[in-house]
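This report goes through selected side-chain features of one protein model. The sequence and structure come first, and the notes follow.

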Amino acid sequence: MFFSLAEVEVGTHLYWNIAGLTVHGQVLIVTWLVIAILLGVAIVGTQNMQQVPKGLQNFVELVYEYVSGIAKDQMGEYEYRTWTPYIGTLFLFIFVANWLGALVPWKLIKLPEGELAAPTNDINTTVALSLLTSISYFYGGFKAKGLGFFARYISPTPIFLPINILEDFTKPLSLSFRLFGNVLADEIVVSVLCLLVPLIIPLPVMALGIFASSVQALVFATLSAAYITEIIE
């Protein structure tokens, strides 16, 4: 017999049933919007490539240089090219998602249930991103060392086996909760201040939130690159 001991839910959500799975509709809507923005800019910016970049092509190349710089700083000259697409995708998705959550007045859009917000405002999204980093982490280790990858769990002595296993679980947890907590806290602070002092006070807080959102994208991408580099080396 099954007993429901507890059921806790924060806020209300727009639920969709897709192929037998229940998902948060409002998270998917904004996630698709983020993906559409990234794909649109990438496709339009690379349609007519010029030897001397200008306009949107110049912007796309600047963005690529920046995200490849993140990977290169952590991974070095020889490994960063392999991992730039993954690290860059992580950074750009989180960056655009956070900025949409900070700048777009989603509360003006009415839904049957719940409300639209940044996808990173949902713990399911941040955990999924962290699990992708964990999968990449193990993939990089197996690719570089084969079965010798498992030797790290008993290094420098077998006594450290449980600690080394626990470390692999805490890395995605710390990544996901750091991003989720910061984005959620920023949106709560702005919402409360808008209710209490709706004209002046929220503006500097919103500016600080935009800055913090950018930093969170950089931190997530940098730590992901650092974790992968650690296991490769």
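The sections below cover salt bridges, a surface patch and the nonpolar core of this predicted model.

## Salt bridges

Two salt bridges are present in the structure. In one, the side chains of E167 and K171 meet at 3.6 Å, N to O. Both residues lie in helix α5 (residues 161-196), and because they are four residues apart, about one helical turn separates them. In the other, the side chain of K171 meets that of E230 at 3.0 Å, N to O. This second pair links distant parts of the chain, with K171 in helix α5 and E230 in helix α6 (residues 202-232), 59 residues apart.

Side chains of opposite charge can pair when their charged atoms come close. E167 is partly exposed, with a relative accessible area of 26%. E230 also counts as partly exposed, at 38% relative accessibility.

## Nonpolar surface patch

A nonpolar patch on the surface is formed by W32, I35, L39, I43, V44, L56 and F59. Together these residues have about 670 Å² of accessible area. Helices α1 (25-45) and α2 (56-75) are the elements that give two or more residues to the patch. The largest share, five residues, comes from α1.

F59 is placed in helix α2.

## Nonpolar core

The largest nonpolar core has 34 residues. Which of them touch the most other members? They are V34, W83, I87, I94, L129, F220 and I228. The elements that give two or more residues to this core are α1, α2, α3 (80-103), α4 (123-145), α5 and α6. Helix α3 gives the most, with eleven residues.

W83, one of the residues that touch the most other core members, can be described through its contacts. Leaving aside neighbours within four places in sequence, W83 is in contact with M75, S136, Y139, G140, I228 and I232. Among these contacts of W83 is I228, and I228 is itself among the core residues that touch the most other members.

Note on methods: Residues are numbered from 1 along each chain as its sequence is written. This is a predicted model: local features need pLDDT of at least 70, side-chain atom pairs count only at pLDDT 80 or more; totals for chains, interfaces and linings use all residues. Side-chain values use heavy atoms; hydrogens and water are left out. A salt bridge is a side-chain nitrogen of Lys or Arg within 4 Å of a carboxyl oxygen of Asp or Glu. Buried means under 20% relative accessible area, exposed over 50%, partly exposed in between (1.4 Å probe, protein chains only). Patches are made of residues with over 30% relative accessible area and no salt bridge: like charges are joined within 9 Å, nonpolar side chains (Val, Leu, Ile, Met, Phe, Trp, Tyr) within 5 Å. Accessible areas come from the Shrake-Rupley method with a 1.4 Å probe; for residues, only the protein chains shown count as cover. A nonpolar core is a set of buried Ala, Val, Leu, Ile, Met, Phe, Trp, Tyr and Cys residues joined through side-chain atoms within 4.5 Å. Contact means heavy atoms within 4.5 Å.
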